[in-house]
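Load the model in your viewer and keep the selection panel open.

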Amino acid sequence: MTEKTPELTIQQKTLLVSGKSFWRTYDFEEAGVNGLLITDGPAGLRLQPDKKADSLGLNVSRPSTCFPAHSALACSFDKALIKSVGKRIGQEATSFGVNVLLAPAVNIKRNPLCGRNFEYFTEDPYLCGALAKEYIEGVQSEGVGACIKHFACNNKELGRTVYDSAVDVRTLREIYLTAFEIAITEAKPVAVMTAYNRLNGTFCNENEWLLQKVLREEWGHNGIVVSDWGGTYDRVSAIKAGADLEMPQCKFSANEITSALENAELSEEELTACTDRIEKLSKKLTAPREATACDFEEHAEFAVTCAESCAVLLKNDGVLPLNGSEKFVLIGEFAKTPVYQGGGSSHVNPTKITSLYGCLKDKTGFSGYSRGYRADGKKSKKLVNKALKLAKNVQTVIISVGLSAGDSEGIDRDNIRLPDGQTGLISALVSAGKKVIAVLSCGGAVETDWDNGVSALLFAGLNGQGGAEATGNILFGKANPSGKLAETFPLSLEDVPSTAFFNNDPYKVEYKEGMDVGYRYFYGKQLKYPFGFGLSYSAFEYSDLTVEEDGVSFNLKNTGSLDGAEVCQLYIGYPENAHAPQIQLKGFEKVYLTAGEVKRVQIPFDGYSFRSFNALKNKWEVAKGKYALYIGSSSEHLHLKGYLEKEGVEEIPPADTSHLAGKDYPVPCDRKGRVVVDLHTPFSEIARSRARLMRLAIKITLKVTKNSPTFGGTIKFAHVRTGAQFTRFDAVQADGLLRLFNGKYFSGVYKIIRGEKKKK
């Protein structure tokens, strides 16, 4: 007779809902529960040993293939390609024994200042959801679980652990939750990671409406919910809301849970609901399976293919592709020190890396290299003069430009301009009559007023370890560019409607622009480069649109002399009674055609095509009326138009942002206005505490960490609870830390030294 596996005890359950270490969950073999190994993504694995673990990418990780960042991948508009990326990352995860990958990241690019935009796909929720679905299916096809993040409205980095994202209901549903909805309902990731921030007054990790009503009841998510690392504010409230797993290890959360159980603030049933889901996932992902072959050499080659598909040719007066007969020089610090990924938790230690200089120095016609500018952005007349001298005897100049800072977790950009040292150099080269080919490397939109005299502009993005080779292939015609912008490039930052509300208050972020995000706002307005735009060495002709109840079809012809690919985009214009943006992307297909080939392209409608969210009724509805159907090569280049009548409700109420107001962050103070420090106090507020020594210590710390923006920006608004958690303090030590910050120095230090281990 088979012996029954014992159930988890209450004590084991209180431990299971928190990490065992930085990257691992608890294992209770006697109860059949194996620990899970979790690691960062999404551009590749960031697998660290526990002893060198960190959440900001500061410490080294095991070598893995660095694929293009999500911001670059999205420019491919290629579903099959992105599924293949996910599959290969899944293979590497399996080979390393990883069970859960913390990816994909699907937050919307609300404003180009957000430092983490490089890690997010796009400004459009439909495109974002469709690509995330493919990525998840690719990862999970290898037996590895995907954890979609950051749920929800984490669209600014500075103050992310404290600010309140105040969003009206319709905008929240249509812009900021739709990508999650598509990916979660269709690809079924095993885990959802909550965002650090508050959403309409409540922290996402303890937001019952978000986690229970929307995620589980409406969308049917039956996997786990995991906090971002250090993203737990109130562990008991989080469990009650359905947040299953707190990461990383927190030595005092078990005490909090036990106390809540004893005081009837938390029921055993609520705790068990969380542990049951963790236990179920553990058994699913740690079950024996055949090892998957992992060919790192093939992955490196595929990373080049990905980068070729992601690059966006924004401008070309005929200078590209180069034919190898002309002499050229290469200029730019980034040509030798490539900018190919962002900073923070997504930082990958690549298996190999090449530079544009390394790829081009042996090309016929190569006539030298010059640094040209300083990577730190400071002007250098000496470097400019050297570059101009080098370029004097050639007609063609390839210059590599971009951002060496600003695309990173934990910080936001100060502006969206390239450094003056780079733009000034470009201007000087253009004034000298050179054919300037600019290669732009950064994680998102920048102002490009400097490109007026440039002959060609290739947006390489953050294109991973194969990016330099891919760029060389495109410049010399070995590959035909086919990428399209997955975000709008405005003329200036001030043109973006959310800019007025982006950095006004570190504790509040009010989404008063409503649904005016990206091309939805810019349609028909002046801009630099539109969403969905990108040139090719081929040319494409659209014709013969047919509209039916289940979708549209049309002919696409490659009228050029080269094989190439075109991204065909379906935009829908809703009737006036829907009170919707003028156009919305609702379908796309990347079509590969040989020179002269014609294909009949079909783009089907789906459940997202015609819906609008009625905030008054709290439901999705279709507005009655005539819908305009556009087929285009960008949001501003619409080639075909048709109509379709739909039955539905008489009117959808517009998004109402008139009463949006973020909630103040609760910081308790004494009668003298000094902050009374508790576990929820941000470190920055300790500078107003009653403890003079601690005020001084925090001020010095914040001043010193300014030299490390990612770390400094993160620690400034981190909770004391997070600090105690990351230093692995137990309950007594955590209490000692609070005593220290509140001016009780001797008892505080005493408790920190002794801890629970020596408590009688």
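## Helix pairs

Select α5 (residues 169-187) and helix α6 (residues 208-218): the two pack at an angle of about 50 degrees, with axes 11 Å apart. Axes here are lines fitted to C-alpha atoms, for helices over the stretch in contact, and angles run from 0 to 180 degrees between N-to-C directions. Helices (H or I, at least four residues) and strands (E, at least two) are DSSP runs, numbered from the N terminus. The model is predicted: local features need pLDDT of at least 70, side-chain atom pairs count only at pLDDT 80 or more, and totals for chains, interfaces and linings use all residues. Residues are numbered from 1 along each chain as its sequence is written, and side-chain values use heavy atoms, with hydrogens and water left out.

The α5 and α6 pair is therefore oblique; angles under 35 degrees count as roughly parallel, over 145 as roughly antiparallel, 65 to 115 as roughly perpendicular and the rest as oblique. The crossing of α5 and α6 is right-handed, a term for the near helix being turned clockwise from the far one by less than a right angle, with anticlockwise giving left-handed.

Now show side chains at this contact (heavy atoms within 4.5 Å). From α5 come Leu172, Arg173, Leu177 and Ile184, and from α6 come Trp209, Leu210, Val214, Leu215 and Glu218. By class, the contact of α5 with α6 has 7 nonpolar residues, no polar and 2 charged. Ala, Val, Leu, Ile, Met, Phe, Trp, Tyr, Cys and Pro count as nonpolar, Asp, Glu, Lys and Arg as charged, and the others, Gly among them, as polar.

On the α4 side, select Pro125, Tyr126, Cys128, Gly129, Ala130, Ala132, Lys133, Ile136, Glu137 and Gln140; they meet Glu174, Ile175, Thr178, Ala179, Ile182, Ala183, Glu186 and Ala187 of α5. The contact of α4 with α5 divides into 11 nonpolar, 3 polar and 4 charged residues.

Move to helix α13 (residues 381-391), where Leu383, Val384, Ala387 and Ala391 are buried. Buried means under 20% relative accessible area, exposed over 50%, and partly exposed in between (1.4 Å probe, protein chains only). Look down the axis of α13: its buried residues fall within an arc of 100 degrees, so they line one face of the helix. The arc is that of the directions from the helix axis to the C-beta atoms. Turned away from the buried side are the exposed residues Lys381, Lys382 and Lys389. Next, display β10 (328-331), β11 (366-370), β12 (396-402) and α14 (420-431), against which the buried residues of α13 pack.

## Single residues

Within β10, pick Val329. Val329 is buried, at a relative accessible area of 0%. Beyond four places in sequence, Val329 touches Ser367, Gly368, Leu390, Ala391, Val394, Thr396, Val397 and Ile398.

Gly19 is buried, with a relative accessible area of 1%. Apart from neighbours within four places in sequence, the contacts of Gly19 include Arg24, Tyr26, Met247 and Cys250.

Finish at Thr94 in helix α3 (residues 79-95). With 14% relative accessibility, Thr94 counts as buried. Leaving out neighbours within four places in sequence, Thr94 contacts Glu142, Val144, Arg289 and Thr292.
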